[in-house]
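Hi, here are some notes to go with the model you are about to open. Please read them with the viewer at hand.

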Amino acid sequence: MRPISLHDTLSGRRRPLEPREPGKVGIYACGPTVYGRIHVGNARPYVVFMVLKRFLEHEGLATTLVVNVTDVNDKIYDAARTQGVPSARLAQEMTAAYVADTDGLELGRPDHEPLASETIGPIVALIADLIEAGHAYAADGDVYFRVRSYDRYGELSHRDVEQMDQGEGVEGAERKEDPLDFALWKAHKEGEDTSWEAPWGRGRPGWHIECSAMAEELLGVGFEIHGGGSDLVFPHHENEAAQTRAARGEPLARLWMHNGMVQMGEEKMAKSVGNIRLLHVALQQFGRDALVMYVLGGHYRQPLAFSEELLDEADRRVQRIRDALRRVQPGPSPPDMAPLKERFFAALAEDLNTPQALAALFEWVREANRRPGVGDADLREMLAVLGFERLEAARGSVDPAAAELLEQREAARAARDFERADRLRDELGALGWEVRDGPDGAELVPRGR
């Protein structure tokens, strides 16, 4: 296995991945709060961490990926109330939609996808441990974390404690010992239709404690990588890190890995801003292959602009791979092209640098295009790590109906009946084929969308 390093938000530098158990890696990545359909920005961490899992497994590491679903949250209550439906039903429907939408990315599923609503027991137990240790206190049915009882608070987000705002507004302000304190448990309020019994009163968990409990339940404490969007560094991940270490005496995770935001114009893509492109709509419009290529085309830590032009460019890159797959032959690749494959995997080993990896892959493609009969083994190995193994379908034989239409089109062109030729091209497009006119005549290529 080659050395692997990842940028760690806590230390602010790239650090080696050092499994606590040889050959095993645990990853916890924060998933969606299910009060609406997810958008392309929500899909970015899904792609990043599924590809990271694929790469680590290629390197011989047994990798367990946990991506939670937050199905108990103020936003869900508010959305359900607006729609006039039970909050549990809305959460179930949006969870199913999230699974269907991310299935459309065709990258597989995480190993575990825990629901907050099904982790109440471990959540209550963790809160009780914090109260017993003096790091939390109950107040009129609420429970709050004593931020100043934890002297490391602020180390993940690199913020001055005095400058922090938990984003909880005035809710519970009169019950907090300190405005810095954040909610671990919220007492049941009128109009909330889902709650659970706890030693300090009926209610439901706060957002931050849910993830600490789910991560610990499935990966233990001190697992290798905790990930999510950069917008979660504070307060969500800061609070996760604080409450777990306060309760357990050791860090929740060894590395904290954060992806940049997808941006529409100058702002991040977000439901609260209203500038979103829903994932299932984008999949229909641009196609799965172009969308995944678009996400991988930017380094995961940097912001990623969203535009139809960038999606079109990603689609063209996919088509170049399809063309290469049609030219190469089954079998081993030439030894002198092996350094390009090594560059590909070395780039992924250095902070999952997918842009550099793709540069090596496309250099391999250019070299293969210059030679007849190049073996495809290297290309297939690289594509599988990025989730493009399905592009093997580009080699499939043309169905007889499409072949007949192509012959008719060529005859129409020969007769200079270009109107009929254009109609036949459109018919082929409806069947999923693109006509490529080249010096050796026309050929059919499966459409990228």
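Is cysteine 30 buried or exposed? The points below start there.

1. Ground rules. This is a predicted model, in which local features need pLDDT of at least 70 and side-chain atom pairs count only at pLDDT 80 or more, while totals for chains, interfaces and linings use all residues. Residues are numbered from 1 along each chain as its sequence is written, and side-chain values use heavy atoms, with hydrogens and water left out.

2. Cysteine 30 is buried, at a relative accessible area of 10%; buried means under 20% relative accessible area, exposed over 50%, and partly exposed in between, with a 1.4 Å probe and protein chains only. Cysteine 211 is buried as well, with 1% relative accessibility. The closest cysteine sulfur to that of cysteine 30 belongs to cysteine 211, at 3.8 Å, which is too far for a bond. A disulfide here is a pair of cysteine sulfur atoms within 2.5 Å, and a search of the whole structure finds zero of them.

3. The parallel sheet. Four strands make an open sheet with parallel pairing, ordered β4-β3-β9-β10. Its edge strands, β4 (62-67) and β10 (253-259), each pair on one side only. On average, neighbouring strands are turned by 20 degrees against each other, direction ignored. Strands are DSSP runs of E, at least two residues, and helices are runs of H or I, at least four, numbered from the N terminus; two strands pair if DSSP finds at least two bridges between them.

4. Strand β3 (residues 24-29) is joined to β4 by six bridges, and isoleucine 27 has leucine 65 in β4 as its bridge partner. Helix α5 (residues 207-219) packs on the sheet and touches β3, β4 and β9 (223-229), its direction making about 160 degrees with that of β3. Axes are lines fitted to C-alpha atoms, for helices over the stretch in contact, and angles run from 0 to 180 degrees between N-to-C directions.

5. Arginine 204. This residue of strand β8 (residues 203-205) is buried, with a relative accessible area of 2%. Its side chain makes a polar contact with that of glutamate 192 at 3.0 Å. A polar contact is a pair of N or O atoms within 3.5 Å; within protein, one must be able to donate a hydrogen and the other to accept it, and residues adjacent in sequence count only if both atoms are side-chain atoms. Not counting residues up to four places away in sequence, arginine 204 touches several others, including Tyr77, Trp185 and Trp196, where contact means heavy atoms within 4.5 Å.
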